[in-house]
Amino acid sequence: MTKLLHGLSSVKRFVMLLWTNKMGRFGLMIFAVFAVIAIFAPFLRTVDPNATGSCEDMLVPPNAQFWFGTDDLARDIWSQLIYGSRISLLVGFTAATIAVAVGTTVGVTAGFYGGRIGEVLMRLVDFFMMLPRLPLMIILAAVLGPSIWNIIFVVAIVSWTTTARVVRSQVLSLKERAFVEASRCIGADDFLLMFGEIFPNVVPIIFAQAVLVVTTAIYSEAVLAFLGLGDPTTVSWGMMLHFAFESGVMSRTPNWIAPPVASIVVLIIGFTFLGTAVSDVLKPGYKEMKGL
Amino acid sequence: MALLEVRNLKIYYFTRAGAVKAVDDIDLDVEKDKTLGLIGESGCGKTTAVFAFLRFVTPPGRIVGGKIIFEGRDIIPLSDEEMRLLRGQGIAMVFQGAQNALNPVMTVGKQISEVILEHENLTKEEAWERAKEQLELVGIASERVNNYPHEFSGGMKQRVMVAIATACNPRLLIMDEPVTGLDVIVQRQLLSLTNTLREKMQLPIVFITHDLSVIAETCDNVAVMYAGKIVEQGSAVSLYKDPLHPYSKGLIGSYPSVRGEKKELKSIPGAPPRLIDPPKGCRFSPRCAYAMDICRTEEPRLKNMGDNRAVACHLIK
Amino acid sequence: MKGFAGFAIKKVGAAFITIFAIVCANFVIFRLVPGDPLRMMFRDPRVSAEQMQLVRERFGLDKPLGEQFICYLRELAHGNLGISFWQKRPALEVIADRVPQTLLLIITALTIAVIIGTIFGAIAGSKMGTRSDSVILSIALSLYSIPAFCMGIILMLIFAFQLSVFPLGGISTAASGFTGFEYWKDVAWHMFLPALCVVFWYGGEYVLLTRSAMVDALGQDYIITARAKGLKESAILKNHALRNALLPVVTITGVNLAFAVAGIIEVETVFSWPGIGRLVYDAVMKRDYPVLQATFIVLAVAIVFANLVVDLIYGYIDPRIKVGGGE
């Protein structure tokens with residue numbers, strides 16, 4: 001329990017460290033803005049984003065009632081935009097959590113046990129890394145069908161490998177360090193060693209990876225949705241673009257296209273900057289350089 | 001007039017924690033036909049000092065005072081371009097045998113002829129021939145001129161470095177811990193090469209090391225550095241026979257001798273001071289067995305004792 | 001070339017193993033999906049039972065899994081990657097039709113991107129910490145992180161919709177009857193925006209890569225040696241730093257080819273450029289699973305080969321490998 005609390009406070013400290021970095025600050029603010037939008041969606045003057053309407057409400061340009069206008073099924077674009085943030089963040093974080101969890105488990109196991117198990121696991125990782133990501137996601141999504149959990153699964157499946165590699169090499173270098181020998185001397189068993197000693201030292205790396213994976217996950221969901229493989233019942237920004245693309249009226253409705261594109265771009269840039277900040281902050285000597 | 005005269009040289013590193021006084025007001029003389037050894041433990045400032053002779057002081061370090069007079073000209077105020085022309089041709093340097101001191105994707109021949117082509121007016125073919133001669137000079141078969149650095153052993157790589165450094169017949173050669181980390185047989189080869197350079201080419205050398213035995217073999221004069229200051233200077237012979245400064249005494253005493261009686265090795269207790277806030281008075285006083293009250297308050301100046309000896313210590317009158 | 005021959009053999013061997021693994025994976029994905037694979041492939045209710053039975057027999061879908069796999073491998077060896085449902089002809093043919101357009105786009109765009117990216121990256125790396133470096137870095141990072149399809153849509157919005165400078169898509173103006181030079185000019189006009197997209201994002205990546213490789217190279221000891229020789233700064237940057245920095249850049253190129261594929265799919269889709277990328281999208285829309293499956297194999301194998309070529313090039317330019325071991 002104390003380790004958990006310790007972990008939470010170190011996360012808080014890490015976030016505050018990120019705040020000191022210019023890029024980190026920018027990324028955190030963007031994330032905060034979108035998180036707020038996602039959480040408070042119903043209060044932001046929205047209607048049901050999936051609610052279709054009558055013919056005269058279709059493809060309405062922006063007006064007082066529909067701030068960004070409507071799409072070809074008379075759905076309010078503003079509402080779609082607001083609720084779309086939920087999908088992006090939800091899919092992004094869920095898929096990233098699964099991917100990082102799987103990657104960490106594989107990485108720690110392969111690194112800690114080494115030998116045959118390690119070899120086999122790393123061959124598996126190598127193989128997955130060789131497969132082209134987007135084509136793989138596409139055929140998996142096409143074969144499994146359009147549902148939000150399938151998307152999450154598909155995104156996670158292509159994203160776990162880098163984490164596994166990074167974690168494993170960290171574990172390998174930690175294994176050599178003296179404190180592991182010391183713990184062994186006092187009779188700690190394998191499991192305890194893995195989670196008690198090695199894991200806490202791998203946490204910063206995992207966190208860095210998590211930020212990177214969230215970025216890729218958000219991107220992947222957007223691409224898959226744009227290509228028509230998303231869940232049509234949950235309107236995400238990518239899906240909005242897909243509908244716009246398929247509608248044939250794209251050239252005349254910038255109000256339909258610009259908001260989702262801008263949202264995707266801003267969110268991803270925000271997370272990319274956050275990722276850069278994370279790797280800067282984790283470099284040895286960062287605290288000293290900032291005079292902390 | 002000496003070939004190289006250093007006067008009151010001060011080099012500080014400006015960090016957030018404060019100014020690290022790496023080299024604090026030192027004087028050095030390098031005579032035209034003598035080799036000067038610079039000895040001291042790691043971190044005493046010797047590398048920083050000689051890097052300054054090539055004006056290789058990088059931020060956060062800065063030369064804050066003093067003069068470095070080479071062939072009658074103070075090099076500190078020189079422009080970057082003038083300094084660049086001096087490097088490799090007026091003053092040259094052989095670095096510590098790091099794995100990566102030679103460019104791994106360039107043949108050694110190219111790396112030697114490069115410096116020749118930069119400073120002298122030869123054609124590519126002539127420079128290439130000179131490169132081959134340089135290799136022969138340092139004891140490497142000239143056919144290897146087309147080989148890459150990774151094809152040489154550590155000792156040979158160091159010799160290539162010497163070939164590069166001497167390619168343009170510099171007037172002063174600096175060798176920074178050139179044999180550290182090499183095994184003794186290779187050390188021997190490199191040191192005999194150094195002696196050849198001294199005798200055949202009459203090349204004045206500044207030789208940095210922390211190894212006393214090496215100094216004995218290659219140097220005419222020695223300067224002992226401690227915590228950014230020169231504490232003793234003189235001929236190598238006199239330093240060995242009769243060290244004056246307590247630190248020098250400790251250094252000489254801590255070396256085992258193959259001949260002579262078996263006696264207990266004396267090491268110098270304590271550790272070198274932090275150079276951000278060096279101790280008042282003599283910097284060696286916290287570790288000195290003979291420290292007097294005055295040593296802790298007043299810094300001793302380097303006093304010329306005549307007969308090519310100088311020492312900075314209150315004990316010596 | 002002893003060192004290089006051994007290196008090459010190892011790399012080629014690894015490539016073949018990878019291709020085999022990809023082929024197996026492809027099989028697994030489509031067979032282990034729950035439900036009758038045939039029903040999934042034939043969602044069109046107009047297909048009769050006899051036709052389905054014919055296909056079942058032809059592709060051996062009524063046999064046990066092990067036999068199916070052998071069958072699959074045999075067909076693959078004969079170059080049979082399945083029949084397209086949508087176009088009623090061999091999937092390989094469908095793909096082959098699209099390859100030239102993709103090659104045209106990729107080769108043009110990537111060449112420009114690599115050249116521009118490497119130059120700016122080298123400049124940024126050599127001037128690390130200065131204003132120019134920060135500017136180049138921020139621009140490159142932003143361009144690189146924007147998803148390719150978003151970049152495409154943005155460019156389209158601005159230049160095709162609002163400003164009408166460039167066409168809305170496709171490779172040439174339909175029914176224009178252009179031939180020869182006129183035709184190629186038309187193609188170039190159509191190719192401008194999609195190529196720009198690729199250049200932005202791929203070039204951005206190269207700036208980042210080259211920059212960090214330059215920074216690493218400039219921190220090495222041999223740079224100090226070079227300075228001590230009194231060489232000109234430009235010579236040091238070119239012959240010592242850049243020459244070494246290019247090595248890791250070449251390596252990463254191979255690894256990044258897989259991401260290049262993703263970008264091509266996105267860009268071709270947005271601009272309706274009739275290449276392999278767009279084929280993927282069309283096949284998804286038309287539920288043409290054989291073509292989808294075939295495209296996956298072709299793309300994956302192409303990446304493996306491209307990686308192999310890059311690895312071999314690297315082995316040739318790094319003297320430590322070309323000339324072999326040391327003492």
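Residues are numbered from 1 along each chain as its sequence is written, with chains lettered from A and ligands numbered from 1 in the order in which they are written. In this predicted model, local features need pLDDT of at least 70 and side-chain atom pairs count only at pLDDT 80 or more, while totals for chains, interfaces and linings use all residues.

**View 1. Chain C is built with 13 helices and zero strands.** Helices (H or I, at least four residues) and strands (E, at least two) are DSSP runs, numbered from the N terminus. Of the 327 residues in chain C, 41% are buried, meaning that 20 or more other C-beta atoms, placed from the backbone, lie within 10 Å of a residue's own.

**View 2. Four strands of chain B form an open sheet in the order β2-β1-β4-β5, with antiparallel pairing.** Two strands pair if DSSP finds at least two bridges between them. At the edges, β2 (18-30) and β5 (73-74) of chain B each pair on one side only. Nine bridges join β1 (residues 4-15) of chain B to β2(B) in the antiparallel sense, and here you can find B:F14 opposite B:A19 in β2(B).

**View 3. Helix α9 (residues 221-228) of chain C has the buried residues C:Y222, C:T225, C:A226 and C:A228.** They sit on the same side of α9(C) because they cover an arc of only 160° around the axis, taken from the directions from the helix axis to the C-beta atoms. Just after α9(C), look for C:G230, with a positive phi of about 80°.

Terms used
Buried ≥ 20, exposed ≤ 12 C-beta atoms within 10 Å, placed from the backbone.
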